[in-house]
Amino acid sequence: MLLEEFLRGAEELFRNFKTSGCSRDELVNSLRELANGIDREEFEDMQELHQYISKVLSYYSAILDLPKERVSRRLDNHSVILGRLAKRFLIRSPRELSAMLASAPEPTADVKFAKGVGEARSRLLKEQGIRRIEDLVYYIPRDYDDRRKILSVSAVNPGVRCTFRGRLVNHQTKRAKDIQITTAVMTDGLGQILLKWFNQPYISEKLISNAEYLVSGVAKASPFGPLEMNTPEFELVGPVAQREILPVYSLPSGISQRVMRRIFQKNISVAAYFEEILPPRLMERRDLLGRNHSYYAVHFPKSFFEVEQARRRLAYEELLVFEVGLLKNRKRLQAKHRGVKKVFEGILAKRLVQLLPFRLTNEQERVMEEIRADLRSDLPMSRLLQGDVGSGKTIIAEIAVTDSFEAGFQSAVMVPTAVLAVQHYERLKSHLEPLGIRVGLLIGLSRKSAQDKLKSLIASGEIDVVVGTHALIQESVSFKDLGLVIIDEQHRFGVRQREALIFKGSLVDTLVMTATPIPRTLALTVYGDLDVSCINELPGGRIPIRTLLINESRIQQLYSLIREEVRQGHQVFIVYPIIEESEKVDLKAASDEAEELKKHIFPDLSIELLHGRLSTEEKMAVMKRFREKQTMVLVSTSVVEVGVDIPAATLLVIEHPERFGLAQLHQLRGRIGRSTLKSFCVLVLRGRLSEDIKERLHSFASTSDGFKVAELDLKLRGPGEFFGVRQHGLPDFRFADIVEDSDLLLMARNDAIELITNDPDLITCPLLFEEVERRFGQEVSLFEVG
């Protein structure tokens, strides 16, 4: 057993002690037994280890005789004790590191001058983006071979990368059609394993029958007998096998793993030139490895513990540099343009709330006060309001508009489509005009004469709030006293567009709304320099939507449910997916389904079709008829608008749900359950689906919490696909994973705020400042914030 395995086992023993109900005696005996399993070679390699292990065992053996209170303290302290042991023996000392980083090559030299490279190999490396010697540091291993633990052939398990020792029984090369396959059989006397190489006939020349080899790779089960391992690495067993962890790199064509590894071994000391950019106080507070230590350890670690500590430090650095860049840009905006300070008492907003048929939730009131504090400040508001579908974000936006009106300013509400613009306009008109607030609608469908008249009214201040699409920030639209812009989540609205909203030298307040709930720490990154407000509570009286999965055999029961809902005066959505590569096919499927339902299944019900090929006027007419209950069943592609509000809709049927992301399914589900009526979401599974897909859909059906759904979707699809490739300006992090490293992200955010607050120009951290400029430069001012 390796020391690392002992520490993991000990951690698990302590963690389980309180829940397992075992005695102190059993804990101490298990700890001793675990320590006895540590490999002899570990003690030979780490001379003081035996002494330290003895101290740990002695420290915990004492709990047999200590009073309960002191026992609890020692048990609670186990992470600190084991952590010290790990840092002492599993991380290189400064002296060891100094020796490794000696004789470093010139970092800016062309990679062809690196040891072991030359002209021919440099061309191959440059194809991988390695142009200068220092670029080697950034070429991170994709995996590692743990040569500290050599298995026997019979101990190899499928699916796990490992190194085993075996004797070569025989080998041969055969041609199968256009492929040359070299095979070799290895044994340890008890078991066998089959090795294969494809189109590498020279391998056969390197293999020697009856010789002992170390072989590294991933084995897989074979239906024909022994395990198989494709394209493994191998080397003859030397007189002394060195116990080490070796990197496994993605290889350019023409360079073997052994050669690639040798290039890095000879040149990785270039990491010595990577100066520390973090302030000492942050290094100490966050318990971080040094920068050059981390870059070296990522390639040639002493232990996996050291790899993880190195990755953690480098991930934190990436996140800190990013957050500092965002906050610096925010300071730049605030210094360049002051905000529009608003003075109001909230009298009109109070009247608005009193007119509502419901009470605001505690969460809504908290968020409302956060926004009001921003409005009253002379700094420009840059706030993201996020909440689950139906959490009541729109009324908060209305209150902000009302407060802005009371302070003497106009507002603009930007939404992604004309259909939603009309819906927002009608809602705002009904809520705000009784308070004397004049509402206008500016969309491309209006006649030019009507548009010109409306623009004139906006410019003169006779319209107090205007609802429209992105055209609202065009030069032809001018405001008399613009003070607040509210933006729907679907707009890609960057810093430059915000600067386009400067009014009379001041930056207007900006509120971005999103119904795609994501963890707050992640929102801080994805939405750049926005402050984040979350509504984590749904209005009272809502009945949770019940989500069901059915297969084709139950389709008649579904039709009965649709007919029953319509009989009760409720409305139904039936949604089909559209996939760009086969859009025509899916569109035809939705059309065919609508016709089938109309003619053969529900000839007595009013059914219409909504899809992306309709003009905006046609879409609006279809939605108007549906809203007015002239249509009771709407067959649609996924163009059913986010935010479309049909209180009488109680049933949503989604065909081929596997074609949607979970967050998208949750958005679709949000089209129902918008009243006190009981609602159902039915996912229709057709054909043979994999177990993974079924499990994903069952996970979706088991929760109505949008934050949980989005988190699950993020883990399954990754941030790139979840948010759209570079849609929000996320940088390409080498080490940080914005989903898995949420704790580091929050640390980095807090530390960046402290740094920028105390030292806005980073005068005390010049190297950190240089890194921000080098890594992002002007790019940081272009990150999308909504």
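Modeller: Start with a definition: a salt bridge is a side-chain nitrogen of Lys or Arg within 4 Å of a carboxyl oxygen of Asp or Glu. Keep in mind that this is a predicted model. The structure holds 50 salt bridges.

Biologist: What makes Arg148 and Glu4 a salt bridge?

Modeller: Their side chains meet at 2.8 Å, N to O. The cut-off is 4 Å. The pair therefore counts as a salt bridge. Arg148 is in the loop between strand 1 (143–146) and strand 2 (151–152). Glu4 is in helix 1 (residues 3–20).

Biologist: Which residues form the positive surface patch?

Modeller: Lys115, Arg121, Lys206, Arg258, Arg262 and Lys266 form the patch. Lys and Arg count as positive. Helix 11 (residues 257–267) gives the most, with 3 residues. Lys206 is found in helix 10 (residues 203–206).

Biologist: How do you know that strand 3 and strand 4 pair?

Modeller: Pairing needs at least two bridges. Strand 3 (residues 161–176) and strand 4 (residues 179–187) have 9, in the antiparallel sense. They therefore pair. Asn170 stands opposite Val185 in strand 4. The two strands form a hairpin with 2 residues between them. Lys177 in that turn has a positive phi of about 60°.

Biologist: What joins strand 4 to strand 5?

Modeller: 7 bridges join strand 4 to strand 5 (residues 192–198), and the two run antiparallel. Thr183 stands opposite Lys196 in strand 5. This hairpin has 4 residues between its strands. Gly189 in the turn has a positive phi of about 95°.

Biologist: Why are strand 20 and strand 22 at the edges of their sheet?

Modeller: The open sheet has 6 strands in the order 20-25-24-21-23-22, with parallel pairing. Strand 20 (546–551) and strand 22 (607–610) each have a single partner strand, so one side of each is left without a neighbour in the sheet. Neighbouring strands of this sheet are turned by 20° against each other on average, direction ignored.

Biologist: How many bridges pair strand 24 with strand 25?

Modeller: Strand 24 (residues 649–655) and strand 25 (residues 680–685) pair over 5 bridges, in the parallel sense. Pairing asks for at least two, and 5 meets that. The bridge partner of Val653 is Val682 in strand 25.

Biologist: What makes strand 13 and strand 19 edge strands?

Modeller: An open sheet of 7 strands has the order 13-14-12-15-18-11-19, with parallel pairing. Strand 13 (439–442) and strand 19 (531–535) each pair on one side only. The twist averages 20° from one strand to the next. Arg383 stands opposite Asp531 in strand 19.

Biologist: Where is His656, and what is its phi?

Modeller: His656 is found in the loop between strand 24 and helix 25 (662–669). The phi of His656 is positive, about 50°, although His656 is not a glycine.

Biologist: What is the phi of Leu762?

Modeller: Phi of Leu762 is near 55°, a positive value in a residue other than glycine. Leu762 lies in the loop between helix 28 (742–758) and helix 29 (766–775).

Methods
Residues are numbered from 1 along each chain as its sequence is written. This is a predicted model: local features need pLDDT of at least 70, side-chain atom pairs count only at pLDDT 80 or more; totals for chains, interfaces and linings use all residues. Side-chain values use heavy atoms; hydrogens and water are left out. Patches are made of residues with over 30% relative accessible area and no salt bridge: like charges are joined within 9 Å, nonpolar side chains (Val, Leu, Ile, Met, Phe, Trp, Tyr) within 5 Å. Accessible areas come from the Shrake-Rupley method with a 1.4 Å probe; for residues, only the protein chains shown count as cover. The place of a charge is taken as NZ of Lys, CZ of Arg, CG of Asp or CD of Glu. Axes are lines fitted to C-alpha atoms, for helices over the stretch in contact, and angles run from 0 to 180 degrees between N-to-C directions.
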